[in-house]
Amino acid sequence: MTEHKISILTKELMTALSAAGRSFDDHSIFSPSGSAMWAFCSGSLIPNLFCSDTAGQDAAIGTVAHSVGETWFKTGVRPDHLIGTKVEIAEGESTFEIEIDHAMVEYVGQYVDWGIYIPGTHFVETRVDFSDLTPLKKQTGTADHAVCEIGKLTITDLKFGQGVQVFAKENTQGVLYAYGFFKKYDELFDFQTIVIRIAQPRLHHFDEWVITRDELLQWATWLKARAYAAWCKDAVR
């Protein structure tokens with residue numbers, strides 16, 4: 001698709017989305033969390049942009065759990081002082097009051113313990129850019145935890161839900177996070193091995209997938225083709 005056609009389609013879609021009351025000023029249309037959708041079913045992206053955000057209480061709980069993990073990683077101290085704290089979180093079209101309890105801290109602690117002792121430079125809740133893989137500018141995502149060491153990049157994604165088990169192998173969300181870090185830090189660390197991990201403590205599920213730098217770049221090339229395929233009016237698969 002040419003830049004001219006992309007520009008026309010983008011303007012048309014943004015106008016239509018605005019008329020439908022949908023705004024994407026604060027987050028990416030090609031979100032990593034939704035990448036399994038647009039990568040494997042290109043026809044699903046544009047229709048889903050017009051759907052209301054149905055994120056509910058489970059999403060709010062997950063948001064708070066991530067904030068507990070961020071505090072723990074950054075301070076190195078178990079945040080027991082947060083137990084009993086109530087946090088107001090807006091998800092979708094609703095607002096929820098979520099209490100941080102002992103169980104949440106225990107589960108988050110399993111995720112933290114799995115990553116905090118990895119040698120290297122640690123990054124927590126870090127915004128990464130992968131716009132060069134999409135037809136749009138400013139396409140980013142927030143990686144929960146990453147560790148950069150000479151020759152190796154480790155990406156860990158916390159999944160606090162317990163409804164659907166998530167696996168690391170061929171996980172496009174993890175690939176996009178890894179690619180963002182690769183772009184920014186490969187010159188310093190010369191990544192040869194990339195480890196993508198899923199921490200899902202409430203299901204007692206800790207999974208990892210190891211790939212090479214060449215495999216990461218192959219995945220990036222494939223994701224770029226899928227992103228462009230999804231940004232078409234007649235996208236079907």
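View 1. Buried residues account for 47% of the 237 residues in the chain, as computed from a predicted model. The chain contains seven helices and seven strands, and from the N terminus on these elements follow one another as α-α-α-α-β-β-α-β-β-β-α-β-β-α. Of the contacts between residues at least 6 apart in sequence, 70% join residues that are at least 24 apart.

**View 2. The largest nonpolar core and its second, separate counterpart.** The largest nonpolar core is built from 41 residues, and those with the most contacts inside it are Phe30, Trp38, Leu45, Cys148, Leu153, Phe181 and Trp231. Helix α6, which spans residues 172-189, gives the most to this core, contributing nine residues. In soluble globular proteins, nonpolar side chains tend to be buried together.

**View 3. The surroundings of Trp38.** Trp38 is among the residues with the most contacts inside the largest nonpolar core. When its neighbours within four places in sequence are left aside, Trp38 is in contact with Phe30, Ser31, Ser44 and Leu45, and also with Leu176, Leu223, Arg226, Ala227 and Ala230.

**View 4. The crossing of helices α4 and α5.** The axes of helix α4 (residues 57-75) and helix α5 (residues 102-115) come within 9 Å and cross at roughly 50 degrees, and the two helices are therefore oblique to each other. The crossing in which α4 passes α5 is right-handed. On the α4 side the contact is formed by Ile61, Val64, Ala65, Val68, Gly69, Trp72 and Phe73, which meet Met104, Val105, Val108, Gly109, Tyr111, Val112 and Gly115 of α5. By residue class, this contact of α4 with α5 comprises 11 nonpolar, three polar and no charged residues.

**View 5. The crossing of helices α6 and α7.** The axes of α6 and helix α7 (residues 213-230) come within 10 Å and cross at roughly 115 degrees, and these helices are therefore roughly perpendicular to each other. The crossing of α6 and α7 is left-handed. Thr172, Val175, Leu176, Ala178, Tyr179, Phe182 and Asp186 in α6 meet Arg213, Leu216, Leu217, Trp219, Ala220, Trp222 and Leu223 in α7. The residues of this contact of α6 with α7 divide into 11 nonpolar, one polar and two charged. Leu176 of α6 and Leu223 of α7, both part of this contact, are also among the residues in contact with Trp38.

Terms used. Residues numbered from 1 in each chain as written. Predicted model: local features only at pLDDT ≥ 70, side-chain atom pairs only at ≥ 80, totals over all residues. Heavy atoms only, no water. Core = buried A, V, L, I, M, F, W, Y, C linked by side-chain atoms within 4.5 Å. Buried < 20%, exposed > 50% of the residue type's maximum accessible area, 1.4 Å probe, protein only. Helix = DSSP H or I, 4+ residues; strand = E, 2+ residues; numbered from the N terminus. Contact = heavy atoms within 4.5 Å. Axes fitted to C-alpha atoms, helices over the stretch in contact; angles between N-to-C directions. Parallel < 35°, antiparallel > 145°, perpendicular 65-115°, else oblique. Left-handed = near helix turned anticlockwise from the far one by under 90°. Nonpolar A, V, L, I, M, F, W, Y, C, P; charged D, E, K, R; others polar.
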